[in-house]
Amino acid sequence: MSKGGKIVLRVQSPDGTKRVDIPETSNLRELYELVHAAFSFSDYGFALFKERNCTKELVSSRSQSVKESGLNHGDMIYLKHIAGPSTSKEPERSSSVASIASTSSSSFSGAAGFSREPTPSTSYGANASAVLNGEDSVDIELYKQDGRIQRKRDEKLCRHNSNGCCVHCSPLEPWDETYLKEQKIKHFSFHSHLKKLTSGVDRGKFVALEDLNCKIKSGCRDHPPWPKGICSKCQPSAITLNRQAYRHIDNVMFENTGIVERFLNYWRTTGHQRIGMLFGTYEVHPDVPLGIRARVAAIYEPPQESTRDSILLLEDEHEAEVDEMARLLGLRRVGWIFTDLLAENAAAGTVKHVRGIKTHFLTAQECILAGHLQNKYPNRCKYANGGYFGSKFVTVCVTGDDKKQVHMEGYAVTAQCMALVRDNCLIPTKDAPELGYIRESSDKQYVPDVYYKEKDVYGNEVQRLGRPLPVEYLLVDVPASTPMVPLFTFHERKDVSQYFPVENRMIDGHIQDFAALSDYLAKSRSMDFLECMSDFHLLFYLYRMDMLPMKSQMGPLLEAVRTKDKAAANEWKNQEVWRTLEQLISASSHHDDSSMSNDVEFVSAGEAEQNWTCNHCTFINSRELPTCEICNLPRV
């Protein structure tokens with residue numbers, strides 16, 4: 001035994017073995033705290049056991065000492081993770097963890113407790129049904145629908161009366177391949193996929209959607225951690241890329257052409273490419289069985305640096321504010337849009353056709369960015385173990401078609417691509433935009449092999465390693481369109497010049513400032529106040545304005561714009577904050593007018609040279625002044 005009544009205990013964990021010095025008289029709770037400090041854990045999601053097979057647990061207690069628990073100098077104890085990212089089920093939580101979590105101690109704060117709110121990185125299969133409360137309203141509505149495709153009685157094939165039914169007129173399932181092919185629907189909807197999974201005898205009792213895992217499973221005690229060891233238990237399986245038969249979003253619809261035209265105005269002015277975030281809502285798509293459509297009402301342009309051939313997204317300081325304002329307007333982020341346009345003939349209005357089946361649809365870098373955004377905005381699903389599966393976030397590319405006209409193409413990356421991007425397995429290639437590349441394993445990261453299938457020169461289907469990887473295996477088509485009858489969440493202007501400038505456009509005539517606000521309100525004097533305020537970019541400028549903070553008082557105005565309530569908008573107009581803004585605009589306009597009307601005395605160059613500079617404060621004074629206007633000291 002060591003001096004001072006202390007003993008040395010060895011603690012073996014999946015992360016390695018460490019030694020802990022502890023007095024014999026210390027209680028087991030102090031042992032837990034020493035182990036927590038030795039391994040630098042962020043929480044107390046572990047338990048200690050005497051045996052290697054995790055039996056004879058050492059329960060955290062203030063009353064039982066280390067000596068009373070039967071531990072001696074040099075003994076080996078075993079650590080097992082109980083709560084946290086390495087586990088997936090609530091029942092595995094031990095009594096030690098429960099005792100630590102239930103009592104408060106100065107040695108750790110409440111942030112080290114056990115949050116039970118579902119996040120994309122956690123999995124609670126037992127609580128999957130509870131996630132229904134957080135699902136989108138369109139998903140809840142589609143859960144209630146049967147989704148079967150009704151057919152009328154066939155006069156030629158049906159031999160029964162009008163009350164009968166046969167194989168020729170019975171309803172079809174929403175995933176029926178023949179019907180989808182006739183309607184030219186390339187992928188069936190995600191809810192059709194769920195109906196197919198739950199249509200068996202068990203009625204979906206054992207359905208559990210899980211995301212693909214490309215990382216080594218933690219907690220394996222049969223060998224040292226990677227790169228010193230790996231086994232079949234913790235090694236992720238090799239991945240074969242398959243065509244995804246379903247898609248989470250079946251159509252992206254822009255309410256009117258003016259939304260896209262306003263976005264393209266930047267490219268027409270500068271010739272530079274542009275990225276925007278789509279804000280809108282999700283609704284049931286009537287043309288696809290159990291389908292979902294993204295309805296776009298506005299395009300927000302984040303901070304970015306763009307050229308003719310590239311775009312660099314910058315950090316958006318107002319990301320949370322624009323999401324909060326959109327929520328008050330009943331909107332949310334539903335996707336992103338970018339341009340890839342090269343003018344061919346400016347007089348004819350044609351553009352170059354650079355994307356297609358012979359080149360590429362999306363580049364590898366664009367697929368990675370799309371996967372990142374889809375992981376950032378996941379789709380809640382009650383059938384998923386972690387509460388999230390896939391994403392409704394859509395990608396729209398504005399480019400030239402085979403007729404050299406500007407058109408839009410919609411895409412979404414597959415769940416396999418989302419997993420590869422999330423686990424940092426997919427990177428772009430330098431010289432071929434249509435090809436991605438699967439990372440090779442290193443000392444820091446193990447990457448599983450990723451394969452895809454293609455036909456060789458003899459027509460045989462062969463399997464290839466994804467180094468490099470054609471990104472077409474990671475894409476799902478999403479049609480992009482505009483309705484025959486335009487829809488307007490925000491008021492339409494007849495002339496583009498009548499709109500308020502779009503945010504983050506650092507070019508002359510497109511900058512959002514107080515002068516632009518004064519000019520816009522002056523042009524809109526003849527309009528109704530609600531119509532004047534019904535502009536997403538104007539509302540966002542007012543929402544984040546620093547000169548006169550209005551965020552806390554804009555709730556009634558945003559609600560009036562959302563519901564198109566003219567009375568509520570006019571009532572808000574009479575509030576003090578708007579009157580103060582009008583007074584500031586009036587004072588600014590009066591100052592500009594008076595400064596323009598003042599008589600200006602022009603002096604010759606020779607007379608200007610007679611003005612003198614103060615030796616004390618360096619202020620340039622008029623030639624007739626004997627003392628300085630600033631410091632009142634005499635002229636020297």
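**Chatting through the model**

Modeller: Let me start with leucine 290, which counts as buried at 5% relative accessibility. Buried here means under 20% relative accessible area, exposed means over 50%, and partly exposed is in between (1.4 Å probe, protein chains only).

Colleague: Where is leucine 290?
Modeller: Leucine 290 is in the loop between β10 (275–285) and β11. Helices (H or I, at least four residues) and strands (E, at least two) are DSSP runs, numbered from the N terminus. Phi of leucine 290 is near 55 degrees, a positive value in a residue other than glycine.

Colleague: Before we go on, what sort of model is this?
Modeller: It's a predicted model, where local features need pLDDT of at least 70 and side-chain atom pairs count only at pLDDT 80 or more, while totals for chains, interfaces and linings use all residues. Residues are numbered from 1 along each chain as its sequence is written, and side-chain values use heavy atoms, with hydrogens and water left out.

Colleague: And what about phi of asparagine 504?
Modeller: That phi is near 60 degrees, again a positive value in a residue other than glycine. Asparagine 504 is in the loop between β25 (480–481) and α10 (514–523), and at 23% relative accessibility asparagine 504 counts as partly exposed.

Colleague: OK, big picture. How many helices and strands are there?
Modeller: The protein has 16 helices and 27 strands. Of its 636 residues, 42% count as buried.

Colleague: Which residues touch the most other members of the largest nonpolar core?
Modeller: Those are Leu420, Leu517, Phe536, Leu542, Met550 and Leu581, out of 73 residues in that core. A nonpolar core is a set of buried Ala, Val, Leu, Ile, Met, Phe, Trp, Tyr and Cys residues joined through side-chain atoms within 4.5 Å. Helix α12 (residues 536–543) gives the most to this core, with seven residues.

Colleague: Why does this core lie between domain 2 and domain 3?
Modeller: Because domain 2 (245–436 + 471–481) and domain 3 (519–589) both give residues to it. The domain bounds come from an automatic or database domain assignment.

Colleague: What is phenylalanine 536 in contact with?
Modeller: Leaving aside neighbours within four places in sequence, phenylalanine 536 is in contact with Phe279, Ala298, Tyr300, Val322, Met325, Leu329, Leu331 and Phe490. Contact means heavy atoms within 4.5 Å. There's also a second, separate core of 27 residues, which includes Leu142, Ile259, Met408 and Val478.

Colleague: What volume does the largest cavity have?
Modeller: About 250 Å³. It is lined by 23 residues, and the closest to its centre are Ile259, Arg262, Ala297, Phe490 and Tyr499. The largest share of that lining, four residues, comes from α6.

Colleague: And the second largest cavity, which residues lie nearest its centre?
Modeller: Gln244, His248, Ser391, Ala412 and Val413, out of 14 lining residues. The space in that cavity is about 70 Å³.

Colleague: How about the second largest pocket, how much space lies in it?
Modeller: About 470 Å³. Of the 19 residues lining that pocket, Asp309, Ser310, Ile311, Thr363 and Glu366 lie nearest its centre, and β14 gives the most to the lining, with four residues.

Colleague: Last topic: alanine 419, buried or exposed?
Modeller: Alanine 419 counts as buried, at 1% relative accessibility. This residue lies in helix α9. Alanine 419 and leucine 212 are 207 residues apart in sequence and 5.7 Å apart in space, C-alpha to C-alpha.

Colleague: Which peptide bonds are cis?
Modeller: One is from tryptophan 226 to proline 227, with omega near 15 degrees. Another joins arginine 467 and proline 468, where omega is about 5 degrees.

Note on methods:
On a 1 Å grid over the protein atoms alone, a cavity is a set of points where a 1.4 Å probe fits but cannot get out, and a pocket is an open set with protein on both sides within 12 Å along at least five of seven lines; lining residues have an atom within 4 Å of a point. Grid points are joined across faces, edges and corners, and a volume is the space filled by probe spheres set on the points.
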